[in-house]
Amino acid sequence: MAFNPDGTVLASGDDDDDGTVRLWDVASRRPLGAPLTGHTGGVSSVAFNPDGTILASGGDDGTVRLWDVASPSNLFGAVCAIAGRRSLTQDEWDQYVGQGEPIVTCP
């Protein structure tokens with residue numbers, strides 16, 4: 001496991017055989033997105049670069065993978081670009097944000 005430089009994100013590698021790396025929001029204790037996949041065996045090490053934008057993971061498969069984990073400066077704009085619309089559905093909001101009504105994310 002490794003914390004990003006400001007301590008807000010924790011990265012964990014699965015040392016079983018699923019080969020995944022997970023990012024966690026420290027404050028909410030919730031996963032940030034889907035697991036990062038690509039290793040074909042367990043993940044034995046993870047480390048952030050000094051500015052927290054790149055995560056390296058070392059696997060039992062003998063590979064090192066580099067992951068771009070930089071947060072976009074305009075998170076709502078990134079959500080709009082990914083979703084291709086102005087807001088999230090209620091199901092998406094519940095899954096990724098939590099409680100309440102979805103807000104309009106784009107102007």
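**Note on the predicted model**

1. Start with one residue. Val9 touches Ala2, Phe3, Asn4, Leu23, Trp24, Val26, Leu32 and Phe48, leaving aside residues up to four places away in sequence. Val9 also belongs to the largest nonpolar core. Three of the residues it touches, Ala2, Leu23 and Phe48, are listed in that core too.

2. The core as a whole. It holds twelve residues: Ala2, Val9, Ala11, Val21, Leu23, Leu36, Val43, Val46, Phe48, Leu55, Trp67 and Val69. Strands β2 (9-13), β3 (21-25) and β5 (43-48) each give two or more residues to this core. The largest share, three residues, comes from β5. As a general rule, nonpolar side chains in soluble globular proteins tend to be buried together.

3. The mean pLDDT of the protein chain is 83, and 80% of its residues reach 70 or more. Confidence is highest in strand β1 (residues 2-3), at 97. Confidence is lowest in helix α1 (residues 75-83), at a mean of 67. Where pLDDT is low, the predicted coordinates should not be read in detail.

4. Overall layout. The protein chain has seven strands and two helices. From the N terminus on, the order is β-β-β-β-β-β-β-α-α. Of the 107 residues, 29% count as buried. Among contacts with a separation of 6 or more, 29% are between residues 24 or more positions apart. The accessible surface comes to about 6,900 Å², and carbon and sulfur atoms hold 55% of that surface.

5. The four-stranded sheet. Strands β1-β2-β3-β4 form an open sheet in that order, with antiparallel pairing. β1 and β4 stand at the edges with a single partner strand each, so one side of each has no neighbour in the sheet. Two bridges link β1 and β2, which pair in the antiparallel sense. Ala2 stands opposite Ala11 in β2. Both of these alanines are core residues.

6. β5 and β6 (residues 54-59) run antiparallel and are joined by five bridges. Ala47 has Ala56 in β6 as its bridge partner. β6 is also joined to β7 (residues 64-68) by five bridges, again antiparallel. Leu55 stands opposite Trp67 in β7. Leu55 and Trp67 are both in the nonpolar core.

7. Two hairpins. The hairpin of β5 and β6 has five residues between the strands. Gly52 in this hairpin takes a positive phi near 75°. The hairpin of β6 and β7 has four residues between the strands. Its turn includes Gly62, with a positive phi of about 85°.

8. Which residue has a positive phi although it is not a glycine? Arg29 does, at about 60°. Most residues other than glycine have a negative phi. Arg29 lies in the loop between β3 and β4 (30-31). Is Arg29 buried or exposed? Its relative accessibility is 72%, so Arg29 counts as exposed.

Methods. Residues are numbered from 1 along each chain as its sequence is written. Side-chain values use heavy atoms; hydrogens and water are left out. A nonpolar core is a set of buried Ala, Val, Leu, Ile, Met, Phe, Trp, Tyr and Cys residues joined through side-chain atoms within 4.5 Å. Buried means under 20% relative accessible area, exposed over 50%, partly exposed in between (1.4 Å probe, protein chains only). Contact means heavy atoms within 4.5 Å. pLDDT is the predictor's confidence in each residue, from 0 to 100. Two strands pair if DSSP finds at least two bridges between them. Accessible areas come from the Shrake-Rupley method with a 1.4 Å probe; for residues, only the protein chains shown count as cover.
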